[in-house]
Amino acid sequence: MERVSTNTMTPASARAPRSGQPGGQPGGQPGGLPGMDDEQRYQAAVSKDPRFDGVFFIAVTSTGIYCRPSCPAITPKRENMRFYRGAAAAQDAGFRACKRCRPDASPGSPEWNIRADVIGRAMRLIADGVVDREGVQGLASRLGYEQRQVRRLVTTELGAGPLAIARAQRAQTARVLTETTALPLSEIAFAAGFTSIRQFNATIRVFFAVTPTHLRETRGRQGQASRARRRAAGRAVLGRAGASGRPDLSDPAAPGMIRLRLPYRPPMDLGRMLGFLGARAIPGVESVDGGRYRRTLLLPNGTGILSVGPAAGSGGDPGYAECELQLEDLRDLTAAVQRCRRLLDLDADPEAVAGYLSASGPVLGPLAAACPGRRVPGHVDGAELALRAVLGQQVSVAAARRLGERLVATYGKPLERPEGPLTHCFPAVETLAAADPAALPMPRARAAALAGLAAALASGELSLDPGAERDRAEAQLLAMPGIGPWTASYIRMRALSDPDAFLPSDVGVRDALGGLGAREAAALAESWRPWRSYAVQHLWAYLEEKEDQS
């Protein structure tokens, strides 16, 4: 935002309503735009509140650019500001991204994980790259609507249609590849999902007001300056790797690796999140070492390896996690990034969640207030999580890991290029559906349940992708032999990223609540809606800390 006048007002009304306040629950989502009017958005922009980055965008008619609400530049005059639900709508209206605050790289809106309606489902599928892979027809088919209806619903709500939203996402993917890899620009164009180099060049110019070549040259100059500063400070870089042995973030040509910063809204208890994932890591597929979580990925176009951890050497909470991706096919970058974001719950609004739960009463209030950055671990593959949930029925976490390791060794897909302890992808549902249940390394009843679930997923009868209808999926799961309420709710919480799933019969939940029965626990949890999944994480963490102390 440049060449506009300052407005120094910072009223307390700058924040949007939270859950429990008017407009605070679906459809007036916490941290979401329903429940906010243009005046509230303007006050959020005046206060430079980063909690709204990605929730809405500000376009400035006097400069032709659009920004995040926290852009550090001078606040524009109110009459020059326009508000948009997404970056695609601002770009569709002819505005270009601000080069100072880079609004296209904001965290995702928490609204899309909260909402279970067709718009929320559509946005989760578009983010996963469905439009790029299958077109609007594929999106509509997954949603159970006609193309015309999907276009109308999305455009009415967001000001831009599915194709425009997907195009904006392709532009951001292209920007990431241009700035962080040494790939030829022609390869980047097709890897990002463009159908021609001309379309790639035109889109980059429209969205960022520069050419792809200029993007790469600018990043190269920044990398050279960064390396020069480190050398001056006595922190020489060895070859193409930093002192840690990992590729240097400032080096766009680091071979075999795409390194990204995944933004989120602070605070975030990333240590507990990685500990949770590490305790359940299946050897061969996952590992946790040196404070980083690593795992293999089975993506639409090939395999990959993900590594994620806290930002190295940053004091306090930097507002991003460091991510490294090795992909067999670069067309999978968009899907891999979005799956990592769902795994770590990076689009959540922790202030809205903690603010509501900390005021919910004496049982959960102190826990939420003590750790406002606690999030709900998701998963990179809903089908895999569901199968692992069945493996974990009525056994300890350690026993479930051992069962998973045996399953992977027998039915998993070996990596063409194993890396350290990562040797296989988790078995595909088609492979397990075709397996003889009697040969599966587990009790007969559980093997039958696993095979039945795999068959339903392989046939498409059951969908656990990001756009799945949560209530319908849960009902289908409960109708399957060998799958009960605990398993269905656990799948809903982690595979479908439902913020309001609860496990009243869970032993850990009941122990944390002082031995309450399942019915009493469910009744108590009613006051924690719509954030009961976060409540479960607080209760599990409390129990873990209590056991550690004893």
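I take buried to mean under 20% relative accessible area, exposed over 50%, and partly exposed in between, with a 1.4 Å probe and protein chains only. I work on a predicted model, in which local features need pLDDT of at least 70, side-chain atom pairs count only at pLDDT 80 or more, and totals for chains, interfaces and linings use all residues. Residues are numbered from 1 along each chain as its sequence is written, and side-chain values use heavy atoms, with hydrogens and water left out.

**Entry 1: helix H11**

I read helices (H or I, at least four residues) and strands (E, at least two) as DSSP runs, numbered from the N terminus. I looked up the buried residues of H11 and found Leu270, Arg272, Met273, Leu274, Phe276, Leu277 and Gly278. H11 is largely enclosed by the rest of the structure, because seven of its ten residues are buried.

**Entry 2: second largest pocket**

I used a 1 Å grid over the protein atoms alone: a pocket is an open set of points with protein on both sides within 12 Å along at least five of seven lines, a cavity is a set of points where a 1.4 Å probe fits but cannot get out, and lining residues have an atom within 4 Å of a point. Grid points are joined across faces, edges and corners, and a volume is the space filled by probe spheres set on the points. The second largest pocket holds about 980 Å³ of space. I find 35 residues in its lining, and Arg280, Gly392, Val395, Val397 and Trp486 lie nearest the centre.

Which helices each supply at least two residues of this lining? I note helix H11 (270-279), helix H15 (382-391), helix H16 (397-411), helix H20 (485-494), helix H21 (507-512) and helix H23 (532-549). H20 gives the largest share, five residues.

For classes, I count Ala, Val, Leu, Ile, Met, Phe, Trp, Tyr, Cys and Pro as nonpolar, Asp, Glu, Lys and Arg as charged, and the others, Gly among them, as polar. The lining of the second largest pocket divides into 17 nonpolar, nine polar and nine charged residues.

**Entry 3: cavities**

My search of the whole structure returned four cavities of 30 Å³ or more. The largest cavity has a volume of about 160 Å³. Its lining has 19 residues, with Asn113, Asp345, Ser497, Pro499 and Tyr534 nearest the centre. Helix H3 (111-114) and H20 are the elements that give two or more residues to this lining. By class, I record ten nonpolar, three polar and six charged residues in the lining of the largest cavity.

**Entry 4: salt bridges**

I counted 38 salt bridges in the whole structure (a side-chain nitrogen of Lys or Arg within 4 Å of a carboxyl oxygen of Asp or Glu). Asp53 forms a salt bridge with Arg68, and the closest N and O atoms are 3.4 Å apart. This pair links distant parts of the chain, 15 residues apart: Asp53 is in the loop between H1 and strand S1 (57-60), and Arg68 is in the loop between strand S2 (65-67) and strand S3 (81-84). Are Asp53 and Arg68 buried or exposed? I find that both Asp53 and Arg68 are buried.

Glu111 pairs with Arg115 in a salt bridge, with 2.6 Å between the closest N and O atoms. Glu111 and Arg115 are both buried. I also looked up Glu474 and Arg492, whose side chains meet in a salt bridge (2.7 Å, N to O). That pair links distant parts of the chain, with Glu474 in helix H19 (residues 470-478) and Arg492 in helix H20, 18 residues apart. Arg492 is buried, with a relative accessible area of 14%.

**Entry 5: cysteines**

How many disulfides are there? With a disulfide taken as a pair of cysteine sulfur atoms within 2.5 Å, I count zero. Cys67 is in no disulfide, and the nearest cysteine sulfur, that of Cys98, is 3.9 Å away. Cys67 counts as buried because its relative accessibility is 0%. Cys425 is buried too, with a relative accessible area of 1%.

I placed Arg41 in helix H1 (residues 38-46). Arg41 is buried, at a relative accessible area of 14%. I placed Arg96 in strand S4 (residues 96-97). Arg96 counts as partly exposed because its relative accessibility is 25%. The C-alpha atoms of Arg96 and Tyr66 are separated by 6.0 Å, and these residues are 30 residues apart along the chain.
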